[in-house]
Amino acid sequence: MRYIRPVPIPLLIPHGADADADVHDPDWSTRHSVLSTARRTAALVNVLAGGPADADGGPAPDEVAEVLRAYGEKEPLDLTAHDVEGMREAAALLRDVFAAESADAAAHVLNRLLGAHTGRLRLTSHQGVSPWHPHVDRADDAPWPEWFLASSCLALAVLVWDRQRPPGRICASGSCRNVFIAQGSGPERRYCSRRCATRERVAAHRRRADG
């Protein structure tokens, strides 16, 4: 069974234009893949569920910004506590996609989110400074929470379409409720990481040994 860690890969859908972007970069389509965006979604859902508490009880803006940097988001990342609170609300909605037990259930959740929280599908190049790519937020300069929810819904919807299965899962470990992106044609993953899988195997072995 294979566990894939998040890696510092740029995003599919940038939040803002980068004046220094190389629109002719031949590696752009692989570095900005749907799968990378979906993995970024899972990483953000996880960090937004916890982390160092600020005055509102959620993760600090700097911790959320660090995840965005790891997935290629460009500076400046001027996240505020208000932005993070909105992103936490979006993350709670997206968690329902990861909790879906079937492609049908995931599609129903995504249809509800797309209908209630996104605009029309469009292509944008951010005024010519990036390659053309799809957006479903309502404007290129949409607030962070709207951008996060819209871009995540788009990536997860494409995975459902492509694989006809739920795009991800919630870790089955009783001590870990992280979400993760499921992929590959092998046995279906139940755990977010090798560590969680090993911990659960050891716990099950000890229960059997104790009779």
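This is a predicted model: local features need pLDDT of at least 70, side-chain atom pairs count only at pLDDT 80 or more; totals for chains, interfaces and linings use all residues.
Local features need pLDDT of at least 70 and side-chain atom pairs count only at pLDDT 80 or more, while totals for chains, interfaces and linings use all residues. Residues are numbered from 1 along each chain as its sequence is written, and side-chain values use heavy atoms, with hydrogens and water left out.

Let's start inside. A nonpolar core here is a set of buried Ala, Val, Leu, Ile, Met, Phe, Trp, Tyr and Cys residues joined through side-chain atoms within 4.5 Å; buried means under 20% relative accessible area (1.4 Å probe, protein chains only). The largest such core has 40 residues, and L44, L48 and F148 touch the most other members. Among the elements giving two or more residues to this core are helix 2 (34-48), helix 4 (81-99) and helix 6 (144-163), where helices are DSSP runs of H or I with at least four residues, numbered from the N terminus. Helix 6 provides the largest share, nine residues. Apart from this core lies another, of eight residues, including F180 and C196.

Now follow helix 6 itself. Because 15 of its 20 residues are buried, helix 6 is largely enclosed by the rest of the structure. Beyond its end comes Q164, with a positive phi near 55°. F148 has contacts (heavy atoms within 4.5 Å) that include R40, L44, M87 and L94.

Finally, the cysteines. With a disulfide defined as a pair of cysteine sulfur atoms within 2.5 Å, the count is zero. The sulfur of C171 is 3.8 Å from its closest cysteine sulfur, in C192, too far for a bond. C171 is buried at 0% relative accessible area, and C153 is buried at 0% relative accessibility.

Key: Buried means under 20% relative accessible area, exposed over 50%, partly exposed in between (1.4 Å probe, protein chains only). Lists of a residue's contacts leave out its neighbours within four places in sequence.
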